[in-house]
Amino acid sequence: MDTQTATVGFEIEHLDIPGTSLEVSRIALGSWATGGRVWGGSDAAEAILPIHAAVDRGITLIDTAPVYGFGRSEEIVGQALAEGGRRKRVLIATKVGLDWKDGRPFRNASRARIQKEVEDSLRRLRTDVIDFYQVHWPDPNVPIEETALAMADLHRAGKIRSIGVSNFSPGQIEAFRKVAPVHTVQPPYNLFERAIERDVLPYCHDRNIVTLAYGPLCRGLLSGRMTAQTRFTGDDLRKNDPKFQAPRFAQYLRAVERLDRFAQENYARRVIHLALRWILDRQDSTLALWGARRPDQLAPIVGLSGWRIDSSAMAEIDRILAETIVDAVGPEFMAPPEQLAA
């Protein structure tokens, strides 16, 4: 087992996006919580700070979406990157294909929706081009060909620099690729949610498609900061997440404790470093979207360089998970409805 510790100094890893001229850091900043909705609210002045900290630490990709706070996250990202010329130093990823009514999101990946959303996103983000534009969820009520053609038209028009999909199955990606290129795929992926290892991850690897893994810390579980006394209030989505309900919560906390001990004993690191490094070492064409609400939450980034998790350590991590989690559950609760009930 490789127990190498970090080298002096920190150097963030980068990744080229095949089929484009884009290059990004393998750690990106996710800004779902920036929008405030389902994360207990947010303050714009405070929400800007972790974005600035991310850029200053060498992160070159900020990921957001219109549905995050119903435009609020995009507005905050746009404001943050407009300050100090930071937009020139980073790439922006956002999404399309969700609509909302009375504060309730639902899927809408029609051509008309995409044409409207891209203009709204460009305005909120204060930019003339979106670097990574991704269909947020597949919409069974709209032919994939219609969605893909609308995205291809935006790409040809120069309004977006790459095309991506999120939460798509390999079959859906394949259907999309018959009409338009797919440069990136964004699925949920972390130590506790690994369903994509059966299909999406090998599909992308075989076709040279970069994977943007969202939720690498599993809604904060793998930060190492939660205890049995941790409570969630207001509209926090974790109130409805099965992982944070008894009896599963105790199982996941035990797993985090064991993983943290493993990281300390073998790498002089903590579980948060292990969780992020694990994502990077599973597949070289994967990057991790790390959410942060405060600048200090990004401090562990310096502990990600200078070491790797080898195959024997991967096997030991799997053994820990098998011994501690007996009632595993995925992130299915987060899927928005296909359409609103009448």
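The structure is a predicted model.

**Y267 and its aromatic partner**

- The structure holds eight aromatic pairs.
- One of them joins Y267 and W307, whose ring centres are 4.6 Å apart.
- The angle between the two planes is 40 degrees, and the pair counts as tilted.
- Y267 is buried, because its relative accessible area is 0% and buried means under 20%.
- W307 is buried too, with a relative accessible area of 2%.
- Elsewhere, F232, F244 and F249 make up one aromatic cluster.

- R269 lies in the loop that runs between α7 (248–267) and α8 (271–282).
- R269 is a buried residue, with 8% relative accessible area.
- Which backbone atom lies 3.0 Å from a polar atom of the R269 side chain?
- It is the backbone oxygen of Y267.

- I309 is found in the loop between β12 (286–291) and α9 (311–324).
- Its relative accessibility is 6%, so I309 counts as buried.
- What does I309 touch, leaving aside neighbours within four places in sequence?
- Its contacts are Y267, L274, R277, W278, D281, M314 and I317.
- I309 and L321 are twelve residues apart in sequence.
- In space, their C-alpha atoms are 16 Å apart.

**R194 and its contacts**

- R194 has its place in the loop between β10 and α6.
- The side chain of R194 makes a polar contact with the side chain of D318, at 2.8 Å.
- Not counting residues up to four places away in sequence, R194 touches Y189, W278, R282, D318 and L321.

- Helix α5 covers residues 170–177.
- Its buried residues are P170, I173, A175 and F176.
- Which elements do these buried residues pack against?
- Three are strands: β8 (132–135), β9 (163–166) and β10 (184–186).
- The others are helices α4 (144–157) and α6 (200–206).

**The second largest pocket**

- The second largest pocket holds about 460 Å³ of space.
- It is lined by 24 residues, and the closest to its centre are P188, A195, I196, P331 and E332.
- How many of the lining residues are nonpolar, polar and charged?
- The lining divides into 15 nonpolar, four polar and five charged residues.

**The cavities**

- There are two cavities of 30 Å³ or more.
- The second largest cavity has about 40 Å³ of space.
- Its lining is made of A109, V135, W137, P138, D139, V142, I144, T147 and F168.
- Seven of these lining residues are nonpolar, one is polar and one is charged.

Notes. Residues numbered from 1 in each chain as written. Predicted model: local features only at pLDDT ≥ 70, side-chain atom pairs only at ≥ 80, totals over all residues. Heavy atoms only, no water. Helix = DSSP H or I, 4+ residues; strand = E, 2+ residues; numbered from the N terminus. Buried < 20%, exposed > 50% of the residue type's maximum accessible area, 1.4 Å probe, protein only. Polar contact = N/O pair within 3.5 Å; in protein donor to acceptor, adjacent residues only side chain to side chain. Contact = heavy atoms within 4.5 Å. 1 Å grid on protein atoms, 1.4 Å probe; cavity = no way out; pocket = protein on both sides within 12 Å on 5 of 7 lines; lining within 4 Å. Points joined across faces, edges and corners; volume = space filled by probe spheres on them. Nonpolar A, V, L, I, M, F, W, Y, C, P; charged D, E, K, R; others polar. Phe/Tyr/Trp six-rings, centres within 6.5 Å; stacked < 30°, edge-to-face > 60°.
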